Amino acid sequence: MSEKQYKYKCGLVVEGGGTKIAYSAGVLQTFLEEKIYFPYSVGISSGSEVLLAYVSRQIDRLKVTTIEAADQKGAIGIVPLFKEGGLFGLEATNKYIEEHAPLDFESFFQSSTDMEIGVYDMDENKVEYFGKPYVDQSMTLIKASCALLLLAKPYRWNGKKYFDAGLVDMISVQQALDAGCEKVVILSTKERGYRRKPAPKWQVWLARLIYRDPVITDHLKKRHIRYQEQWDLIDRLEDEGRALVLRPSKDMHITRYTTDPNKLKPWYELGIEET
């Protein structure tokens, strides 16, 4: 049997986590400062948003995306609920980021780092990944990737409806392997030993009511199982010397809903220090 041919020597996998992604942004800032450029990257949810800045080599955009944008009025809460139909204001957040640190599309497309973005296809009930050519000025693909289950409205794009792929793929390590990566570096927003709990009954009931799709409901019921399976795979890759996980060493009481820059900035800086 011939030896497997790898397309990429090493890939970068970025987990989501709402505003907790500020830690990963600190890690990415250090990578950029040290000129550590991976040939391949893949992100889910807010992980895809911070990857844009890494791929385009824009350190200033990392801070705007994860610290400043979270604190603006339409980011989380009642305001986006009335204006956008969800608790997360993806339109307002995207507008703020693009006004204060617009994506350098020329650098993004010319970058040596490939990128894939994961989204959940509601029509076919599966996760799909799209590359850099699908990112445009509308940022619809990125916003769809960040459209959290129950917390944001899905996006219609390319004739289909999409939302956050984290319903199924919370950490896209398998996608990186499928893309041909020999080794992977994983950026996680969770501390070592974290265990996702089963979805509470009210959440399952609400998903059933809102989406009226038994497959989505079933995915939600099994999400904690899939998450553990993904970490089991990462653990095996670590044992084989094929994976390196960078994650916060301590709990600073940051949640996916934290918006206070006085809390997010130390979290961001922790990512820099620990990297």
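Predicted model: local features only at pLDDT ≥ 70, side-chain atom pairs only at ≥ 80, totals over all residues.
Buried here means under 20% relative accessible area, exposed means over 50%, and partly exposed is anything in between, with a 1.4 Å probe and protein chains only.

Residues are numbered from 1 along each chain as its sequence is written, and side-chain values use heavy atoms, with hydrogens and water left out.

His253 sits in the loop between strand 8 (243-246) and helix 11; helices (H or I, at least four residues) and strands (E, at least two) are DSSP runs, numbered from the N terminus. Ser45 belongs to the loop between strand 2 (40-44) and helix 2. Neither backbone value comes from a glycine.

| Residue | Phi | Relative accessibility |
|---|---|---|
| Ser45 | near 55 degrees | 5%, buried |

**Helix 3 against helix 5**

Two packed helices are described by the angle between their axes and the distance between the axes. For helix 3 (residues 59-68) and helix 5 (residues 90-100), the axes come within 10 Å and cross at roughly 150 degrees. The axes are lines fitted to C-alpha atoms over the stretch in contact, and angles run from 0 to 180 degrees between N-to-C directions. The pair is therefore roughly antiparallel, the label for angles over 145 degrees.

Who does the touching? On helix 3 the contact uses Arg61, Val64, Thr65 and Glu68, and on helix 5 Tyr96, Ile97, Glu98 and His100, where contact means heavy atoms within 4.5 Å. Buried residues of helix 3 are Arg61, Leu62, Val64, Thr65, Thr66 and Ile67. These buried residues pack against helix 1 (22-33), helix 2 (46-55), helix 5 and helix 11 (261-274).

**Ser111 and its partners**

Ser111 lies in the loop between helix 6 (105-110) and strand 3 (114-121), and at 12% relative accessibility it is buried. Leaving aside residues up to four places away in sequence, Ser111 touches Val55, Arg57 and Lys132. Arg57 is 54 residues away in sequence, yet the C-alpha to C-alpha separation is 8.1 Å. The side chains of Ser111 and Arg57 are joined by a polar contact of 3.3 Å. That term covers a pair of N or O atoms within 3.5 Å; within protein, one must be able to donate a hydrogen and the other to accept it, and residues adjacent in sequence count only if both atoms are side-chain atoms.

Technical notes:
Parallel < 35°, antiparallel > 145°, perpendicular 65-115°, else oblique.
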